[in-house]
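Subject: Structure handover

Hello,

Here is the structure I promised to pass on. My notes follow below it.

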Amino acid sequence: MRSKILNTIGSIAALLAVLTVFFSIRPEGFLRRNEAAVTQAEVEAAGAAVSFTGKKAGADIPRVTGAEDFMAQYPFEQFTVEPVNAIPTGVYELARWRSSTAVVGRRTRNYSQATTNRMWAMTGYNEYTIIEFPDGTHALALFDRGLAADLAKGKAITLPISARTGVNPYAKPYLQDICAEYGADLENVVYAFDDGWYKEHSGRILLIRLGVTAGVIVAGAVLWAFGDSLLKRRKS
């Protein structure tokens, strides 16, 4: 009985570890490593009807340096930010390139528009961050977690080309207190994701995640078998 319980606990722990590895793999940086930076001349030539949001920002893309400047941007204007700090909010919205429903077997599954559950957020959500502008003011932002991690390590980063967009209505109740604490506007967010790119490459990203996770599982199984064999030899 005891061995069955231990095996069950071990199986659950292994499953959680595999899921954590799978959802933690972020191949976007590798896939986009050769992308050319977009210049302001390209933005102006394309006109307001073309969005470059989420593309790599060239050196001449306008830099927003404060909350007042950010709030003055029209939704079609494209800019970037060089934040000096980023504070995670623990609030996540469903990625905007994803559908809120999915068919699993014969059932339709509905995904919450916003969540504060970190484990659930791994399944396709983006975390709201409070960024600090160079002038010391703050704003909500949505951008790649890899860049947020670099900023937390003290590295200087430039966000991809960004746009001022609205905050997900379902996320606002969770964000109200932290926005009040930092004086960040609750209605607007610095949005720096290329929705079209993520939607187009979602299949490839899934395959890379599956491949890496499979490699980790195989490596773990080999190490487990080796350790088990070594333990049996010592016992004998």
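Start with L175. Leaving aside residues up to four places away in sequence, L175 touches T89, V91, Y128, L140, V167 and L186. Keep in mind that this is a predicted model.

L175 belongs to the largest nonpolar core, which has 21 residues. L175 is among those with the most contacts inside this core, along with Y128, I130, L140 and C179. Two or more residues each come from β1 (85-94), β5 (125-132), β6 (138-142), α7 (172-182), β8 (188-191) and α8 (195-200). The most come from α7, which gives 3 residues. There is also a second, separate core, with 16 residues. V64, V81, F133 and I157 are included in that second core. As background, nonpolar side chains in soluble globular proteins tend to be buried together.

Next, α7 itself. Which residues of α7 are buried? They are L175, I178 and C179. These residues sit on the same side of α7, because they cover an arc of only 105° around the axis. They pack against β1, β5 and β6. The other side of α7 has exposed residues: P173, D177, A180 and E181. After α7 comes G183, with a positive phi near 70°.

Now the sheet. It is open and has 6 strands, in the order β4-β1-β5-β6-β8-β7, with mixed pairing. The edges are β4 (114-115) and β7 (163-166). Each has a single partner strand, so one side of each has no neighbour in the sheet. Inside the sheet, β6 and β8 run parallel and are joined by 3 bridges. A141 has V190 in β8 as its bridge partner. The helix α7 packs on this sheet and touches β1, β4, β5 and β6. The direction of α7 makes about 160° with that of β1.

Two more residues deserve a look. N126 lies in strand β5. It counts as buried, at 6% relative accessibility. Not counting residues up to four places away in sequence, N126 touches V91, Y92, E93, A95, W97, L142 and F193. Y198 is in helix α8. Y198 is buried too, with a relative accessible area of 6%. From Y198 to R96 is 102 residues in sequence, yet 9.6 Å in space, C-alpha to C-alpha.

Last, the salt bridges. The count is 5.

- D194 with K55: the closest N and O atoms are 2.9 Å apart. D194 lies in the loop between β8 and α8, and K55 in the loop between α3 (40-46) and α4 (67-71), so the pair ties together parts 139 residues apart in sequence. D194 counts as buried at 9% relative accessibility, while K55 is partly exposed at 26%.
- R63 with E82: the closest N and O atoms are 3.2 Å apart. R63 is in the loop between α3 and α4, and E82 in the loop between α4 and β1, so this pair ties together parts 19 residues apart in sequence. R63 is partly exposed at 27% relative accessibility, and E82 is partly exposed at 36%.
- K172 with E187: the closest N and O atoms are 2.6 Å apart. K172 is in helix α7 and E187 in the loop between α7 and β8, 15 residues apart. E187 is partly exposed, at 42% relative accessibility.

Best wishes

Notes: Residues are numbered from 1 along each chain as its sequence is written. This is a predicted model: local features need pLDDT of at least 70, side-chain atom pairs count only at pLDDT 80 or more; totals for chains, interfaces and linings use all residues. Side-chain values use heavy atoms; hydrogens and water are left out. A nonpolar core is a set of buried Ala, Val, Leu, Ile, Met, Phe, Trp, Tyr and Cys residues joined through side-chain atoms within 4.5 Å. Buried means under 20% relative accessible area, exposed over 50%, partly exposed in between (1.4 Å probe, protein chains only). Helices (H or I, at least four residues) and strands (E, at least two) are DSSP runs, numbered from the N terminus. Contact means heavy atoms within 4.5 Å. The arc is that of the directions from the helix axis to the C-beta atoms. Two strands pair if DSSP finds at least two bridges between them. Axes are lines fitted to C-alpha atoms, for helices over the stretch in contact, and angles run from 0 to 180 degrees between N-to-C directions. A salt bridge is a side-chain nitrogen of Lys or Arg within 4 Å of a carboxyl oxygen of Asp or Glu.
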